[in-house]
Amino acid sequence: MHELILLRHAEAVPIEASGDDRQRPLSARGEREAQAAGLWLTAHGLRPDRVLCSPTRRADETTRLALAAIDNAPVPQQADEIYDASPGELLALLDQHADAGTVLLVGHNPGMERLVALLVEGRSDEFRGMPPGALAVLHLDGALEPGNARLDAFWSP
């Protein structure tokens, strides 16, 4: 893997509206954020070879809406371990997909923003925030290890 694209799920309805955190759908604003993320990826020529997605409804909806803007996008693979994952758990999952050139991972905070910090800064406590619908594009300088990535782009709706 030489490129990693991290996409935090877009804005979801409050948990009180659905009762189950895993089943929270995107809000109308979240739908627009997810579509905008896909358009941003397309405008910047970024196309994943593999897509890994949290099994939650909001992550699935974000993934589908974002990928709709990408011609011949790969079929997303749901990965249960993305939900409520630590940066180390996300790294372990990504290690299993090191054969792909560009991976898009759609997940949740705090794991996503901490993974960016770990890969770029070498420490997961150096995170700066990743709002709903935000994208971080990382270039990996060799192995998938702490401090071994460069943040090439950050976008949020």
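The structure is a predicted model, in which local features need pLDDT of at least 70, side-chain atom pairs count only at pLDDT 80 or more, and totals for chains, interfaces and linings use all residues. Residues are numbered from 1 along each chain as its sequence is written, and side-chain values use heavy atoms, with hydrogens and water left out.

**Sheet**

- Six strands form an open sheet with mixed pairing, in the order β3-β2-β4-β1-β5-β6; strands (E, at least two residues) and helices (H or I, at least four) are DSSP runs numbered from the N terminus.
- β3 (77-78) and β6 (149-155) are the edge strands, each pairing on one side only; two strands pair if DSSP finds at least two bridges between them.

**Strand β2 and its neighbours**

- β2 (residues 50-53) pairs with β3 in the parallel sense over two bridges.
- Leu52 has Gln77 as its bridge partner in β3, and Cys53 stands opposite Gln78 in β3.
- With β4, strand β2 pairs in the parallel sense over four bridges, and Cys53 stands opposite Val106 there.
- Arg50 and Leu52 point one way from β2, Val51 and Cys53 point the other way, and all are buried (under 20% relative accessible area with a 1.4 Å probe, protein chains only).

**Largest pocket**

- The largest pocket holds about 180 Å³ of space, a volume being the space filled by probe spheres set on grid points joined across faces, edges and corners.
- A pocket is an open set of points on a 1 Å grid over the protein atoms alone, where a 1.4 Å probe fits, with protein on both sides within 12 Å along at least five of seven lines; lining residues have an atom within 4 Å of a point.
- Its lining has 12 residues, of which Val116, Ala117, Arg128, Gly129 and Leu151 lie nearest the centre.
- α5 gives the largest share of this lining, five residues, while α5 and β6 each supply at least two residues.
- The lining divides into seven nonpolar, one polar and four charged residues; Ala, Val, Leu, Ile, Met, Phe, Trp, Tyr, Cys and Pro count as nonpolar, Asp, Glu, Lys and Arg as charged, and the others, Gly among them, as polar.

Note on methods
Buried means under 20% relative accessible area, exposed over 50%, partly exposed in between (1.4 Å probe, protein chains only).
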